[in-house]
Amino acid sequence: MSTTVISHDAAHHGSHDHHHETFLTKYIFSQDHKMIAKQFLITGIIMAVFAMILSILFRIQLAWPDEEFPILEVFLGKWAEGGRIRPDFFLSLVTIHGTMMVFFVLTAGLSGTFSNLLIPYQLGARDMASPLMNMLSYWFFFVACVIMIASFFIESGPASAGWTIYPPLSAVPKAIAGSGLGMTLWLISMTLFIASQVLGGVNYISTVLNLRTKGMDLWKMPLTIWAFFLTAIVGLLSFPVLVSAVVLLFFDRSVGTSFYLSDLVVQGTILPNEGGSPILFQHLFWFLGHPEVYIVVMPALGLTSEVISTNSRKPIFGYHAMVYSLVGITVLSFIVWGHHMFVTGMSPFLGGVFMITTLIIAVPSAVKAFNYIATLWRGNIRFTPAMMFAIGMVSFFVSGGLTGLYLGNAALDINLHDTYFVVAHFHLVMGSASIFGMLCGVYHWYPKMFGRMMDERLGYFHFWLTFIGAYLVFFPMHFMGIDGVPRRYYAFTEFPFMEKWVSVNLLITWAAIVSAIGQVAFLWNFFSSIWCGKRAPQNPWNSNTLEWTTPVEHIHGNWPGEIPTVYRWPYDYSKPGNDADFIPQSTPLSQTMSSNLLHDWDGNEAGIEAQKAYNREHNREEEG
Amino acid sequence: MELQIAMDKEELYNEELLKSRKAKKFNLWLGMIGMFMMFAALTSGFIVYTASGVDKGIKTILPHVFIYSTAVIVLSSLTMYLAFKAVKAGQISKQKTYLLITIVLGIVFFWLQVEAWSVLFNRGITFVNSNASQSFIYIFTGLHLAHIIAGILVLVRCYLGALKNIPIDNNVFRMDLASIFWHFLGLLWIYIYVFLLLNQ
């Protein structure tokens, strides 16, 4: 490396920060971003399995509404008396499935894992801006998970007003069993979760803006970092708004205020609350709720950008356009929340405004989708499991995104609202796309996390089962939605017009069960490879970004010597004139004279002159 | 040569320390943005709610105690500024005095706010209220007081640091962060107060 200044060895670094590393400080209350990333990932995976089991349970009810499964009673007791899931427990299942998947898996599990892992690694930082806050972020998240799961072990059961917890249902403890203690636990859990996300997000933003290594200007950052950075900004601006909504809901439930409640008769009793507006909650909730879907999908977009470029052995197509699209999505995400509320009696004029802002999001989203395809175009594609999942992500993002155009349109949404069409839309564009982005990240950065490789064949098996399974589960739901089948209904047998859909439900449930079994392959692959996987080389994918310049064995401070300096963007793949098909970001331009373009020197006059001289000497055509 | 390397290492360490402090200070700014968003959401909620009917709104004159509490928190910002100035000049005993005054003023502010609640309560404006615009007054002031408690804890930590004679640069850094946060809490209160005044 040309910039050997002073060796700043890890031991020296460590002597200031880590005097005695014990089991407790290394594995439990760790302040090291790499360990915290693994903690987030493994907790996220456990929550995903839990939430997936919940979904299988309610899918069983939907497929066989009249049959009894005595084994369910063995495990669920009174909630599946006689072997059939009770209606109120069914509502809890969909509620907690949604909450866990959206918040615990796709927000904390995804951002928490990869922002923690990659921000310091790819930017060339020793750790996060505040390792202590980072540790707190994980532990708040962990406690939030424990409380949410604990709500299954109380007599009245977990919250059941839907993951959007709309009042008045959620605000009146006596309304249904799930609005009692279960709802209180939900609120406590989510408050802790928000604290976790804000602590984490503040750290991500600050690290990106303050701790980049020498040469790493914003336009040399990998798209992963751009995505995490903008996601954290969205989170920082929107999660506190949910706190406000939750605080008011808490007082309505527990103290008797009337922020959201008015004119209610519950089980024959007139409630004293007057003058409140449940629509107020919807405004506050969706001011977070809509940006939340971008919090879920943007990190997945960042991860796939990196994986697709690396495995196409081509620069990402339209790097700047990709960044500006993310910025566009970030800004627009805050002015579209009303499209969740078209049927609340909103003024059609206001509905029209929200419709326009919503439909505009199609533009940056389409830019990203086309850029992915253009990156793949004529690439020297390596179909690693990570790449398969990345391509799968793009597929879901497109097929789920298209129905966003339907739902964003108020005239259509008024018909489709609260039907299975909505369920199909967001499970494809946000659920499946983000899960695939996350899995693509796990397969790609597993060697960096654990120093081992995952088994490829199991990876392909996992991919195909999940990919086909997810389409079989969610695609038929569009047709049910168009037919007017409402979401969250317990049994379709009570309504003659829905009976014809029972057979489709059977198909969906079998597809869900098979793809759930497919996840066992992943779990086995993930956990067994930690100990038994092939040892990973330092840079298994011949990638350009800085994390692959760190040793395989994790050390505190990431780099044993000085932090590498960055000289180029992260997408110099298959650059004409260079022998290898990748040039790491830490390779100085002076070492790649045969492939440099004049504009690579970025206005460095001496460099440009040297390059011109080299080009003349070697009869290279001058470009750029 | 060895001495040179040791000095260089120290310099590099200091450079990284400065960088990390800068990042931590930035964290505080971001955190304050998050806190402000929460209050912005609440004030927006207030506007949406109040617009929903003519019977909504504060419908009372805000207690005069709020004027005193505003004066107290502004004064506490001033003493905090003086404490920070003192520590930068290395005058630890002066720093401790001003810090103590700031803490006391913080507690007085807390007490005055609770006093304002009792004024409202005596007028029949309760938290549990069918006109939730009035409940919002308690929400705004209550959540602000929750932040004041955090602020006072931060000040106490600074005071204890000064008592224990922690290294001067740590002391200055702590005070730097604490004073930014304390001034922010003052500004936040002024935002809330002006908002309520405009809506009374």
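**Note on a two-chain predicted model**

1. In chain A, 79% of the contacts with a separation of 6 or more are between residues 24 or more positions apart; two residues are in contact if their C-beta atoms, placed from the backbone, lie within 7 Å. The corresponding figure for chain B is 81%, taken among contacts between residues at least 6 apart in sequence and joining residues at least 24 apart.

2. Basis of the values. This is a predicted model, in which local features need pLDDT of at least 70 and side-chain atom pairs count only at pLDDT 80 or more, while totals for chains, interfaces and linings use all residues. Residues are numbered from 1 along each chain as its sequence is written, and chains are lettered from A and ligands numbered from 1 in the order in which they are written.

3. Overall form of chain A. There are 18 helices and two strands in chain A; helices (H or I, at least four residues) and strands (E, at least two) are DSSP runs, numbered from the N terminus. The C-alpha atoms of chain A occupy a box of roughly 90 × 55 × 50 Å along the principal axes. Of the 624 residues, 53% count as buried. A residue is buried if 20 or more other C-beta atoms lie within 10 Å of its own, exposed if 12 or fewer, and partly exposed in between, with C-beta atoms placed from the backbone.

4. Domains of chain A. Domain 1 covers 29-532 and domain 2 covers 557-624; the bounds come from an automatic or database domain assignment. Taken over C-alpha atoms, the centres of the two domains are 41 Å apart. Their contact involves 17 residues of domain 1 and 16 residues of domain 2. On the domain 1 side, seven residues are nonpolar, five polar and five charged. Here Ala, Val, Leu, Ile, Met, Phe, Trp, Tyr, Cys and Pro count as nonpolar, Asp, Glu, Lys and Arg as charged, and the others, Gly among them, as polar.

5. Nonpolar core. A core is a set of buried Ala, Val, Leu, Ile, Met, Phe, Trp, Tyr and Cys residues joined through C-beta atoms within 7 Å. The largest one has 227 residues, and A:Phe229, A:Phe389, A:Ala390, A:Met393, A:Ala433 and A:Cys440 touch the most other members. Helix H8 (residues 223-254) of chain A gives the largest share of this core, 22 residues. Both domain 1 and domain 2 of chain A contribute at least three residues each. Beyond its neighbours within four places in sequence, A:Ala390 is in contact with A:Thr304, A:Val307, A:Ile308 and A:Cys440.

6. H7 (residues 181-210) has 30 residues and spans 43 Å from its first C-alpha to its last, close to the expected 44 Å; the expected span is 1.5 Å times one less than the number of residues. H7(A) is largely enclosed by the rest of the structure, because 22 of its 30 residues are buried. A:Ile165 counts as buried because it has 23 C-beta neighbours inside 10 Å.

7. Other positive phi values. A:Asn542, in the loop between helix H17 (502-532) and H18 of chain A, has a phi of about 50 degrees although it is not a glycine. With 16 C-beta neighbours inside 10 Å, A:Asn542 is partly exposed. After H18(A) comes A:Asn619, with a positive phi near 55 degrees. Most residues other than glycine have a negative phi, and most peptide bonds are trans.

8. Chain B has five helices and zero strands. Its radius of gyration is 21 Å, well over the 16 Å from the globule rule for 200 residues, so chain B is more spread out than a compact globule. Its C-alpha box is roughly 80 × 30 × 20 Å along the principal axes, and 34% of its residues are buried. The contact between the chains takes 34 residues from chain B and 36 residues from chain A. On chain B, helix H1 (2-50) and helix H4 (132-163) each supply at least two residues, with the largest share, 24 residues, from H1(B). The chain B side comprises 18 nonpolar, 10 polar and six charged residues.

Key
The radius of gyration is taken over C-alpha atoms; the globule rule is 2.2 Å times the number of residues to the power 0.38.
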